[in-house]
Every structure is written in C-alpha cells, then in structure tokens.
Amino acid sequence: MSKILLGLDIGSQTIKAVQLSRNKNKVSLLSAGYIPTPKVEANSTGRSDEQVIANAINQLAHDMKLATGDVSISLPSYKVVTQVIEVPIMNDKELESSIQWEAEEYIPLPLNKVKIDYSLISKNETSKKMKLLLVAAPISLIEKYMRIVSLSGLNPVAIETEILASIRSTINSLPTLPNILLVSIGATNTEIAIIRQQLLVFARIFPIGGNTLTRAISEELGFEFQQTEEYKKTYGIEEDKLEGKLGKIMSPFFNNLFSEIDKTMAYFREEYPKEELMTLVISGGAAKMPGLMLSATKNIGINSQISNPFINIEVDQDVLTTLNQDAPIYTTAIGLALKEI
Ligand SMILES: Nc1ncnc2c1ncn2[C@@H]1O[C@H](COP(=O)(O)OP(=O)(O)OP(=O)(O)O)[C@@H](O)[C@H]1O
Ligand SMILES: [Mg+2]
C-alpha cells in the first residue's frame, strides 16, 4: 500500500500544494500547484478571513484533482521560536521535567499558551552540555491553521514549522552533502539555516523578502506594484539589464543578506572548526531572481544553487519540465509531503 500525503504551504503571497505518494523507498509526485493567497489581514483572528483562505485551498485542491485529503501543513517560521539551546547533560526523564524551565527565557509568551517540542542535536562530554533544538509554537496559531485546513474540506494530520519542512526536502534532494547553508527568501520573510549532518543547528529569520524588493523598486522608479513585479522577475539583479538599475536598488538588501550569511558561516566555523559548509542552497520564490546565483557564489565564495526539491522524486518527464522552473517555491510543500506520519 502506498501512502499519500499533501504538503500545504500557506505563504503570505502564494499557497503551494504538493501531493506525493510513497511506496517503500520510492516517492512519486501525484500533483503540484499554487495559487495567490487571498488578501486578508496578516494577523487577523477573524473567522471569515479563515474561510476566505480555506476557500482558496479548496479551489486549489479541486484544480489539482486530489486523490485523498490527508494534509501536512506548515506554520510561518516568524511566528514560531526555533532556537538551538544548550543545557546540562541529563537523561530523557530529567529533560522532560526541566525543558519548560530551560525554554522559558527564549519564549515571549506564557508557557501555557505554547506547544513545546525539542530534539537532541549533540552532546559534549567535555563541557558536560548538550545542544537541543527547541521549537515553540503558539497553540492559538496551531489551532487557527488546523481550522483553516478543516474548513477547506481536507484532513490535517501533521503540522510543523516551514524551515523544518524545507530542511527535509533539501536533505532528500542532496542526501550526500554533510553540511548545507539553506536560505529561504519568500515574499515577506527571509530565513537562514544551517543543516549539519542532516540536522538543523542554526536558524534566523528577518522580516524582509521579495515584496520588500518590489516595493523599493516601485517607489524609486514610480511604477505600479504589479508592473514592478514583472520587471523584477524578468531582469532581476543582472548588471547588463536596464543599465543595472534594478540591481542597484536591490543591492542594500542583498549586501545585507550576504553579510548575514557571512556571519552565519563564521558562527559555523567557530562551533565546528573541523568541518566545512559545502553548499549554499537558496529556496523560496525569490530564489528565481535572475543573476542571484552568480552574485551569491561571487560574494559568499561557496558553491550556490537554486533549491530543486523534485530531485529524487519520480515525476513525469513532461510535467517536470514545467515544474522545474518553479522548483524552489515548492521546497517547503515537498518537505511537508515527505513527512513520515
Ligand atoms: N523570477 C523571480 N525573480 C525574482 N523574484 C521572484 C521570482 N518569482 C517569484 N519571485 C518572488 O518570490 C516571492 C514569492 O515567493 P514565495 O511564494 O516563496 O513567497 P511566500 O511563501 O508566499 O512568502 P512568505 O514565505 O514570506 O510568507 C515574491 O516576492 C515574488 O516577487
Ligand atoms: Mg513561504
């Protein structure tokens, strides 16, 4: 029997869905698609807004002719605490009783309002400390996302943070690389993560993304937002296009990003002096920015590539050609659909 799971990534600009079927070790694509996210207040708690998003998901599911309704969904990373913490070495039982206390200083909400998850990263016998990955999500947020999916007529069976899902699909597409720097640039947020030996060991998020860039260009050149989007997607930061104008306007963002990536790499070298970060993988819609890979490789000094989560997944050849162009936007959704439940 094969298992079928839909990964659903509700972004601020687009809702992405990927349905995979898993049979023993073979994973095949059944369907993939995306639609614009309906405009509702970003932090709205209104039930009617939930229904609007649910309707859009329902439409997408209909367009994709989905075979079953089990869904794995993501929570936006910027609303979840994802933090590597260090605690004294202790056994599982001790940890279970003290994790709340250990976690408290990292969580800006009352502990009874969050769901806490943790997993072991590594133990250091010399310092008698261990590193844990702490993930804390507001319960109200989890409930809201579960409600939206249920309202859309699908069946929510799993929920996790975007970045953890993206890491799963990145590892699936690059299984032999020990250490990877993953940068995900969406419409409103950019996230930097280090994957070391297939585990998340560092994560940071910034409230800027592709929309910030479009707004900056549109203000500077006086174009409408939608027209600016088209210019940005066509010419990107390539120096020989439009006299390099767009690249100049966007350069503060990318210089900042590259400097944050540098800092992250410095942190890695300090923590793991004997190891190397082999590759920079860029995911999310803005990964498709023309000229970005070249500029990243030049500025960061390590091999940079656009995320392609369809690698190691069986996809019909004719479908693949179209999907490959959109590959990086599906990184989170594929990771969600790859989740073992
Ligand atoms: N070819 C392209 N060149 C540059 N930017 C692009 C291109 N295609 C899409 N984008 C940008 O990618 C962004 C949308 O990406 P994505 O769908 O990953 O965002 P999202 O998941 O909705 O956002 P978030 O995760 O921040 O909530 C938009 O800002 C869009 O302009
Ligand atoms: Mg996103």
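## Ligand 1 shell

Of the 22 residues around ligand 1, the nearest are Gly 11, Ser 12, Gly 186, Gly 210 and Gly 285; a residue is near if its C-beta atom, placed from the backbone, lies within 6 Å. Helix 5 (210-221) and helix 6 (225-235) are the elements that give two or more residues to this shell. Helices (H or I, at least four residues) and strands (E, at least two) are DSSP runs numbered from the N terminus.

The model is predicted: local features need pLDDT of at least 70, side-chain atom pairs count only at pLDDT 80 or more, and totals for chains, interfaces and linings use all residues. Residues are numbered from 1 along each chain as its sequence is written, with chains lettered from A and ligands numbered from 1 in the order written.

The shell around ligand 1 holds 4 nonpolar, 14 polar and 4 charged residues; Gly counts as polar. Domain 1 (3-76 + 140-174 + 310-337) and domain 3 (205-304) both contribute to the shell, so ligand 1 lies between them. The bounds come from an automatic or database domain assignment.

## Open sheet 5-7-6

Three strands form an open antiparallel sheet in the order 5-7-6; strands pair if DSSP finds at least two bridges between them. Strand 5 (81-88) and strand 6 (114-124) each have a single partner strand, so one side of each lacks a neighbour in the sheet. The twist averages 25° from one strand to the next.

Strand 5 pairs with strand 7 (129-138) over 8 bridges. Gln 83 stands opposite Leu 134 in strand 7.

## Parallel pair

Strand 12 (279-283) and strand 13 (303-306) run parallel, joined by 4 bridges. Ile 282 stands opposite Ile 306 in strand 13.

Methods:
Axes are lines fitted to C-alpha atoms, for helices over the stretch in contact, and angles run from 0 to 180 degrees between N-to-C directions.
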